[in-house]
Structures are given as C-alpha cells and as structure tokens.
Amino acid sequence: MKLLSPETIRRCLIADLGMSIFTADYDQIELRIMGAISGEKTLIDAAKKGESLHLATANRLFGIDHTPDQYKRTKNVNFTYGFGGSAQTMTERYDIPYPEAQKLIADYREAMPTLASYMRRRQDWVLKQALSEV
C-alpha cells in the first residue's frame, strides 16, 4: 500500500467559498509540553533559550559531538518514551535492535530523571485507576 504525502493530501482539501483553511505547526510542541508538565530542566532550559529540544537531549545523551545517527536515535526515543512506548516499540517502528533500544531508554531515563519520575507516577496512576474499576 502506497502512502500519500502530506502535500498530496493537503491539495485535496478545498475551502468553501469565502472560507479559509490553515495549518499550524508548533515547533516540538510535544516535547515542550512534556518538559513543562514534568518539570524536566533540560527540556525547559532548551525551550526558554529557543534551542532544539532534540538537540539538547542528544547533547545530554551522547555529548555535543554526537553523530547524525545518534541525533536520529534521540528523536526516536524522545517520541517513543514520551508517548509511553517501550524498547519493543522502538524495535518495531525504527528497526533498532532490541538491546540497543533497551539501553537507549535506560540512558534516557537517567539523563531525564524528572521526566522519568513523572512518567512513572502517571503510569502508576493509570494502573491504579484501571484496577479500581475492575
């Protein structure tokens, strides 16, 4: 199955006469929200400085001399972990070997301790709510 590009899909949308369609893209909004609600200093500081949150995370995980592949891995783990994914998710979606994905998530949790703590508390809360309804 061939996927259509976003540009192709956008060309299919036509506004009614007198109306307009617009799109908005908030730069790295998911990471900004994660940083704000968790209190993760690395993400907050980078956002305040107008820096790339992916770059700040890559610097934290791999150092300032990280490779383009390490930067790509950082983006993968930012979104996977932030949306509750696991090493298995990274293996399936990004073809990252499972042991590497496990290590990347462990390193990410260590590099982002406040975010990791927040995510654990939220997961515990969700489980508690789910189990109380049984």
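Which residues in the largest nonpolar core touch the most other members?

Modeller: Bear in mind that this is a predicted model. The largest nonpolar core has 22 residues, and those touching the most other members are Val77, Tyr81, Met90, Tyr108 and Leu115. Seven helices each supply at least two residues of this core: H2 (29–38), H3 (41–49), H4 (53–62), H5 (68–82), H6 (87–94), H7 (98–111) and H8 (113–132). Of these, H7 gives the most, with five residues.

Tyr108 shows how the parts meet. Leaving aside residues up to four places away in sequence, Tyr108 touches Met34, Thr57, Leu61, Val77, Asn78, Tyr81 and Leu115. Among these, Val77, Tyr81 and Leu115 are also on the list of core residues that touch the most other members.

Thr42, Leu43 and Ala46 of H3 are buried. These three lie on the same side of H3 because they cover an arc of only 95° around the axis. The buried residues of H3 pack against H2, H4, H7 and H8. On the face of H3 turned away from the buried side are Lys41 and Lys48, which are exposed. After H3 comes Gly50, with a positive phi near 75°.

Two further points concern rings. A search of the whole structure finds one aromatic pair.

Definitions and conventions
Residues are numbered from 1 along each chain as its sequence is written. This is a predicted model: local features need pLDDT of at least 70, side-chain atom pairs count only at pLDDT 80 or more; totals for chains, interfaces and linings use all residues. Side-chain values use heavy atoms; hydrogens and water are left out. A nonpolar core is a set of buried Ala, Val, Leu, Ile, Met, Phe, Trp, Tyr and Cys residues joined through side-chain atoms within 4.5 Å. Buried means under 20% relative accessible area, exposed over 50%, partly exposed in between (1.4 Å probe, protein chains only). Helices (H or I, at least four residues) and strands (E, at least two) are DSSP runs, numbered from the N terminus. Contact means heavy atoms within 4.5 Å. The arc is that of the directions from the helix axis to the C-beta atoms. Rings of Phe, Tyr and Trp (its six-membered ring) pair if their centres lie within 6.5 Å; planes under 30 degrees apart count as stacked, over 60 as edge-to-face and the rest as tilted.
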